[in-house]
Amino acid sequence: MTPILLIIPLAFAILTLLLPRHWVRAIIIPGLVLQVGAAVLLCMEIYQHGPQDYALGDWQAPLGISLIADGFSVTLLALTALIAALCAIYAQYFLTRYPREQRYFWPLFWFLLAALNGIWLAGDLFNLYVGLELLGLSAVGMVALTAEKTTLKAALDYLYAALFGSLAYLAGVALLYGAYGTLSIAQLSDMAAANPTTQVALALMTVGLLLKTAIFPLHYWLPPAHGGALAPVSALLSALVVKASFYILALLWLDVGALAVTVTAAQAMGALGAGAIFWGSWQAFQTRQIKMLVAYSTVAQLGYLMLLFPLAIGVSEAAAQLAWQGTILHLLAHAFAKAAMFLAVGTLVLALGHGRINDFGGVSQRNPVALFAFGLSAVSLMGLPPSGGFNAKWLLLQSAIASGQWHWFVVMIIGGLLTAAYVFRVFRVSFLQSAKHEIQDTHPALQLSALALALMAIALGFVSELPLSLMNLTDIAPATMGGTP
Amino acid sequence: MTLIMYLLHHIPLPLLVVFPLVLACCVRTDTARRRGWMLIAAPLPMLLAVLLWYAQGQPEFITEIPWLMLGLHWRFDNTLAPILLMTVLLWTVAGIYVWQQLRDNSADQQPHIARYIRCWLLTLSGNIGLLVAGDIASFYTLFALMTFAAFGLVIHTQTPNALFAGKVYILLAVIGEGLLLSGLIWGAAHAAAGELTPTAPLISSLPAAIAASANGVWIALLLFLGFGVKAGLAGLHWWLPLAHPVAPTPASAVLSGAMIKAGLVGWLLTLPLGDFAAGGNFANVASLAVILGLIGAFGAALMGVFAKKAKAVLAYSSVSQMGMITVMLGTGWLYDAAWEAILAAIVVFAVHHGFNKGVLFFGVGWVSALSGRAATLMLVFLLIPALNLIGVPFSSGEYAKDLFKHVIADLPVGLLYPIFSAGALATTALMARYFYLLRKH
Amino acid sequence: MTALLPVFVLATSLITAVLIFILPERYYRLRVSLNLAAAVLKIVLVAVMIAGIANQVDYEFRYELLPGIDLVLRADALSMLFAGLSSVLWLFTTLYAIGYLEGAPNRSRFFGFFSLCVASTMGIALAGNLFTFLIFFELLTLSTYPLVVHRGTEESLRAGRTYLKYTLGGGAVLLVGVALMYGLVDQTGTMTEFAETGTLSALPSEQHFTLAVIFFVLIAGLGVKAALVPLHGWLPVAMVAPAPVSALLHAVAVVKAGAFGIVRVIYNIYGVEFAWQLGVLLPLAILASITIIWGSLRALQQVEMKKRLAYSTVSQVSYIALGACLFGPIGTIGGIVHLLHQGIMKVTLFFCAGNYAETLGIHKIKDLDGVGRRMPLTSIAFTLGAFGMIGVPPLAGFISKWYLGIGALDAGMGWVIGVLILSSMLNAGYFLPIVYRLWFKPKQGPWPDEHIKAARFETHGLLLWPTVATAVFSLAAGLFAAHAWSPLSWASLIAFREYLP
Amino acid sequence: MTIDLWYAAVGAVIVALSVFAFLTSKHLMKKLLAFNIMGSGVFLIMVGLPQHQHGVDPVPQALVLTGIVVAVSATALALVLLRRYVRAGGNPAP
């Protein structure tokens with residue numbers, strides 16, 4: 001079952017590359033159905049039978065590629081499939097205005113999916129590297145789709161950051177392999193001790209991954225890339241791609257190097273997160289372009305993910321558990337909400353013909369559904385109930401209380417208010433009665449796919465139990481990662 | 001007769017009080033001029049009921065409706081019955097007066113007839129209602145109804161003076177209601193202590209509760225001052241001389257004759273007098289009552305003789321007369337053994353003053369409507385109530401005052417007796433001024 | 001069935017909201033019938049539940065949201081008081097809004113958020129624990145913002161911003177309080193359930209200081225919506241909203257949610273006896289008293305009708321908090337019953353203000369001269385509402401004040417009487433001049449902007465009859481206070497269950 | 001010091017130098033070159049260090065092979081983008 005999730009996207013990537021244009025359009029829906037179906041089936045299998053190891057082609061590690069499907073990875077697989085499917089539906093209608101870009105979008109899209117699935121399933125550090133590189137390359141390609149000067153520049157910056165980050169990561173891998181002679185995450189987590197080699201390796205990998213995740217102050221490449229790309233691309237990048245490198249980071253700190261990391265380092269990571277929250281929010285509050293606002297919002301929201309480290313390292317098991325659960329929920333909620341937000345914003349920009357926030361008057365009358373989707377996703381981002389974002393924030397707050405780390409508590413509360421501050425800028429103007437510009441109608445599918453994602457972000461607030469119970473099905477995580485194995 | 005008896009026993013008291021309210025709802029702007037009869041009809045059922053009740057020998061008569069307001073408990077009270085009778089009669093007569101006015105063409109000059117009639121009926125309802133209300137909530141309700149509705153009567157003419165008088169009236173009224181409400185709540189809290197559902201306690205339970213309370217003095221003071229606004233207590237009387245000259249004549253008559261007694265009724269009902277004062281330490285408040293009463297009695301007379309209008313003189317006279325009643329009340333409060341007798345004197349005095357003052361007010365209207373010999377005849381007729389007020393021998397005033405003087409003759413009150421007697425001089429001066437101003441007119 | 005009834009009650013307005021959002025603007029009749037049908041259905045459901053509660057039926061719906069944290073919808077006597085108020089007023093406000101917004105743009109959006117707002121209110125009423133309460137409390141903020149800025153003018157947007165600053169800030173503070181409660185105190189997950197007499201008193205005395213701190217954090221969060229001074233700044237500004245919104249915000253939704261929350265925290269989390277022992281009630285009572293006086297003083301200075309009413313709300317809502325602080329059943333009754341009484345009286349006043357503005361274009365108090373003749377029914381309704389606010393019997397406000405006063409004396413806080421009386425006098429100070437202008441002043445020149453000519457009635461029927469109805473309610477609530485089905489009796493039931501478990 | 005460790009040490013020096021070049025170079029082409037050199041350094045470490053510790057090992061060889069493929073394709077993509085960027089009027093040395 002497991003490798004199908006890699007085979008499907010790769011197959012479709014090649015198909016869409018080779019087939020003529022009208023065929024490409026025809027196989028989008030079947031491909032999505034297959035992908036989502038496979039992800040759901042795997043989920044159910046894992047749910048019933050527990051985590052699975054799979055050696056690709058029966059080649060055993062270390063030379064073979066081992067795929068590990070546990071609760072965490074299948075959750076992310078399902079998330080990826082869902083979001084990708086909705087983004088694809090959106091893209092299908094959105095790209096009718098971009099025939100040239102459409103040609104390249106679909107192969108890149110499928111490669112991106114393959115890379116993501118590969119990362120979620122990877123059982124060793126090197127496969128993660130390959131996945132990261134494939135992910136980076138297809139993401140850069142997608143950013144560069146429109147081939148305008150600004151997007152090319154953004155794509156180049158993104159590419160250089162990704163490459164530099166990958167190499168830093170690879171250097172760390174080299175050190176770890178040198179020291180322990182294995183790349184398997186499961187084995188390393190037993191072996192890695194708190195010695196300088198491990199710590200240097202971790203430091204190198206961390207820097208690389210921070211750069212790829214665009215954590216403040218290494219976030220410089222993200223806003224232009226995410227803000228400049230086409231709407232469905234931005235949605236995929238913000239919702240999924242940055243999460244992949246964060247996933248690896250979390251794996252490194254809480255699993256592989258759990259014995260080597262120090263509380264001080266974890267607090268420093270948290271400080272970066274706080275910096276991201278404040279700086280990203282402030283920038284989002286300042287910017288004039290709606291897409292940049294959403295992109296900076298991603299910078300800020302990624303900061304919450306960083307709070308996992310101080311909240312889960314060096315604290316009681318219960319607090320760590322809460323932090324871990326909160327982070328997972330936040331990751332999921334942000335993925336849904338941010339994808340929805342980018343899609344909604346894309347629709348609005350399409351309707352208005354520009355992205356200047358201050359000229360958004362009248363949008364609420366002509367594009368209510370898109371605006372509503374934006375609003376719902378904003379609810380989740382602000383961490384207001386009922387939403388996945390709220391549940392995530394709640395768990396993180398509880399974790400901060402349980403471990404007595406009041407500074408992070410304060411950061412999160414203020415962060416929520418800052419989010420509200422920039423999000424409501426958009427609502428404020430959208431309620432203005434006077435429309436300064438001609439507003440065009442947009443295809444309902446555009447609005448509805450955004451709304452569907454936003455509703456998922458909200459619905460996550462009611463079904464948080466589901467991912468959290470799936471999460472507990474893990475065999476690679478020690479106690480700090482997910483409770484009972 | 002049995003049918004009437006049946007009705008008397010089974011038609012609840014509230015209907016008699018609500019009747020004027022119903023009438024008020026039927027007044028319409030375009031036909032108001034032809035609705036003068038309502039003013040006469042409104043108090044009639046109550047008048048009938050009281051007379052019947054008297055005819056039956058004043059049996060115990062209570063209407064209870066537990067689900068209305070905080071539990072309604074209304075009754076005819078033996079002590080208050082004379083005042084009730086006087087009030088209803090006065091309102092009826094005043095109603096006739098207004099009805100006649102409305103029939104006259106001169107009434108065309110008066111705008112806002114509908115509003116006037118409505119306010120009249122509302123005030124009437126409150127005034128007669130508070131005399132039969134036995135629970136605190138409805139008593140206060142009707143008291144407030146009377147207070148606020150009377151504003152419409154005070155400012156009816158809409159002249160600048162009337163508007164100013166209205167302002168002073170409403171200001172003092174609101175302050176009075178405030179004092180009153182705090183006193184009532186405070187008292188009720190003691191009366192209802194230990195109960196889980198403090199449905200409004202009966203007003204008759206207040207004196208005992210106040211007497212038993214550690215803060216009784218303060219509650220009593222609040223109530224004394226709160227009702228004092230209505231009763232024209234010296235210092236709180238300012239609205240009276242302003243309101244009476246500007247209000248329409250019949251309105252002045254009921255204001256001074258009937259409504260002013262509502263304050264007195266409040267005192268009689270709520271203050272810990274008689275047996276309740278025994279052992280209590282209300283001497284300070286009681287002395288205050290005597291002192292304020294004296295100041296009112298003579299101070300008002302002093303101011304009254306310089307008044308420029310006949311009705312203002314009558315207003316000061318009302319303050320003065322109420323001052324005498326206050327003195328009587330204070331004395332009775334100080335000497336609880338004598339209270340029963342003094343109470344009788346107070347009631348008689350109140351009824352006597354109500355009737356006579358009413359007639360004197362009507363007189364102002366009558367005299368101004370007449371001329372020549374008829375006016376002179378009227379002046380002569382008006383000597384009767386004036387002399388009554390002064391208390392010349394064989395008059396109702398003499399009877400009322402004598403009742404009181406007999407009581408205090410036996411009490412160690414020192415100079416009070418001669419001073420009280422000197423009150424007649426003050427009244428005489430005022431009456432002289434009244435006739436002078438009428439003649440001049 | 002007993003578990004699902006609270007969900008149904010919530011769903012009536014939630015589903016209506018969704019349907020209205022989906023319906024295109026032009027389906028006027030369908031939208032109206034949908035809205036009204038839902039409102040009537042909700043009243044029926046609430047009535048069924050009220051009857052059930054009186055017979056000790058337990059309505060509870062429970063759903064696990066997060067590990068160890070449940071979404072609980074439970075109907076108890078107190079929640080039914082609030083639910084009854086909001087369902088009845090929803091019907092009347094909707095009727096009024098239909099008339100008020102006739103021909104205006106964006107009605108679909110308006111009624112959608114309107115229903116959502118009522119759904120949040122219902123959720124607040126039925127919330128069975130602090131967490132659930134918090135969810136709906138925040139939802140309320142979100143659903144009311146579009147209503148406040150509905151007109152889409154610069155002014156309303158500014159007002160919306162102020163509104164958000166306060167309410168989101170308050171929401172964050174409440175979140176802090178609730179999170180602290182769960183994190184520091186409630187290890188078992190049962191102490192944050194709303195239970196009669198509260199459960200915290202069982203905790204050891206070392207935790208009492210923490211509990212007191214959390215209490216004030218919670219109150220600070222709730223106090224923003226309840227407009228406790230100095231957190232009341234949003235309320236007068238939010239007056240730019242359309243009249244039915246103001247009516248809803250002031251009478252049922254926002255300020256009541258705050259006040260209701262305070263009552264919940266005191267009675268069902270801490271338990272009034274325990275809160276009294278902690279010594280947290282006296283400071284709150286003093287704050288509430290300051291609010292009462294301050295609101296009245298500010299109301300005196302206002303020249304605009306709605307602003308004056310807004311400051312009056314600031315003052316009046318704190319009666320509820322004050323009543324909740326009075327330790328003893330009578331004060332409790334006073335506070336709780338005022339929750340309802342203030343609602344019907346204030347909604348009446350705002351309806352009247354809306355009628356004056358919509359019919360004659362009158363916004364300033366000085367333009368009200370002689371309106372009583374032109375709009376007698378509205379003016380009678382206003383007079384009733386105003387006298388009720390002053391506390392003149394037999395109107396609803398008198399009953400509240402009566403119980404508050406006696407309750408204060410029972411609790412040994414006699415000074416509260418002074419506050420009540422002073423406030424009543426100030427109320428008289430700012431309401432009586434309006435009443436005076438309505439009835440006694442002659443008309444000065446033409447009306448500022450007469451939209452609706454007097455025909456069969458003085459104004460549009462849908463504006464008039466809801467106003468009259470709520471005015472009659474506020475009279476009836478006082479007149480029949482001792483009746484078994486009066487708000488007062490229901491409040492007494494709540495109080496007895498609190499004090500005599 | 002084995003020869004493998006020497007390789008690893010040289011790799012580390014190369015990485016250090018190229019990181020410096022990557023960070024300080026303004027020109028995008030130079031950055032790309034620095035990246036490639038950095039890659040070589042990392043590969044040297046990758047092969048050298050494990051062989052120093054555990055003797056001859058086929059795994060690093062396989063890994064480096066994969067790494068080179070990835071680096072080449074990344075370089076190709078970067079070159080394409082760079083060329084398009086310059087053609088679109090972008091300045092390669094901002």
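Into which domains is chain B divided? In this predicted model, chain B is divided into domain 1, which runs over residues 1–133, and domain 2, which runs over residues 155–441. The centres of domain 1 of chain B and domain 2 of chain B, taken over C-alpha atoms, are separated by 23 Å. Where these domains meet, 20 residues from domain 1 of chain B and 22 residues from domain 2 of chain B take part in the contact. On the side of domain 1 of chain B that touches domain 2 of chain B, at least two residues each are supplied by α5 (81–103) and α6 (113–132) of chain B, and the largest share, 10 residues, comes from α5(B). By class, the residues of that side of domain 1 of chain B divide into 14 nonpolar, 6 polar and no charged.

**How the chains meet**

There are 3 pairs of chains that touch, and among them chains A and D have the most contacts. Other pairs are apart: no contact joins chain A and chain B, whose closest C-alpha atoms lie 40 Å apart, and chain B and chain D do not touch, with their nearest C-alpha atoms 80 Å apart.

The contact between chain D and chain A takes 32 residues from chain D and 28 residues from chain A. On the side of chain D that touches chain A, the helices α1 (3–24), α2 (28–54) and α3 (58–87) of chain D each supply at least two residues, while α3(D) gives the most, with 15 residues. The residues of this side of chain D divide into 22 nonpolar, 8 polar and 2 charged.

Chain C and chain B also touch, with 27 residues of chain C in contact with 27 residues of chain B. The elements that give two or more residues to the side of chain C that touches chain B are α14 (329–360), α17, α18 (415–440), α19 (461–479) and α20 (487–499) of chain C, and the largest share of that side, 8 residues, comes from α18(C). By class, the side of chain C that touches chain B has 21 nonpolar, 5 polar and 1 charged residues.

The table sets out the classes of residues on the sides described above.

| chain C, touching chain B | 21 residues | 5 residues | 1 residue |

**Chain D**

Chain D has 3 helices and 0 strands, and from the N terminus on its elements run α-α-α. For this chain, an unreviewed UniProt entry gives the annotation "transmembrane region" to residues 6–25, 32–50 and 62–82. Over residues 32–50 of chain D, the chain is 100% helix and 0% strand, with the end C-alpha atoms 28 Å apart. Residues 62–82 of chain D are likewise 100% helix and 0% strand, and the end C-alpha atoms of that span lie 30 Å apart. As for the overall dimensions, the C-alpha trace of chain D spans about 50 × 25 × 10 Å along its principal axes. The radius of gyration of chain D is 16 Å, whereas a compact globule of 94 residues would have one near 12 Å.

**Chain C**

The secondary structure of chain C comes to 20 helices and 2 strands, and its C-alpha atoms fill a box of roughly 70 × 50 × 45 Å, taken along the principal axes. Chain C has a radius of gyration of 21 Å, which agrees with the value near 23 Å that a compact globule of 501 residues would have.

For residues 69–111 of chain C, UniProt lists, in an unreviewed entry, "domain: NADH-Ubiquinone oxidoreductase (complex I) chain 5 N-terminal". Over residues 69–111 of chain C the chain is 67% helix and 16% strand, and the end C-alpha atoms are 32 Å apart.

Two packed helices are described by the angle between their axes and the distance between the axes. In chain C, helix α13 (residues 305–325) and helix α17 (residues 396–410) pack at an angle of about 35 degrees, with their axes 10 Å apart, and α13(C) passes α17(C) in a left-handed crossing. Tyr319(C), Leu322(C) and Gly323(C) of α13(C) make this contact with Ser400(C), Leu404(C) and Gly407(C) of α17(C). These residues divide into 3 nonpolar, 3 polar and no charged.

Definitions and conventions:
Residues numbered from 1 in each chain as written. Chains lettered and ligands numbered in written order. Predicted model: local features only at pLDDT ≥ 70, side-chain atom pairs only at ≥ 80, totals over all residues. Contact = placed C-beta atoms within 7 Å. UniProt positions renumbered as here; feature names shortened; annotations may be inferred. Helix = DSSP H or I, 4+ residues; strand = E, 2+ residues; numbered from the N terminus. Nonpolar A, V, L, I, M, F, W, Y, C, P; charged D, E, K, R; others polar. Domains from an automatic or database assignment. Axes fitted to C-alpha atoms, helices over the stretch in contact; angles between N-to-C directions. Left-handed = near helix turned anticlockwise from the far one by under 90°. Rg over C-alpha atoms; globule rule 2.2 N^0.38 Å.
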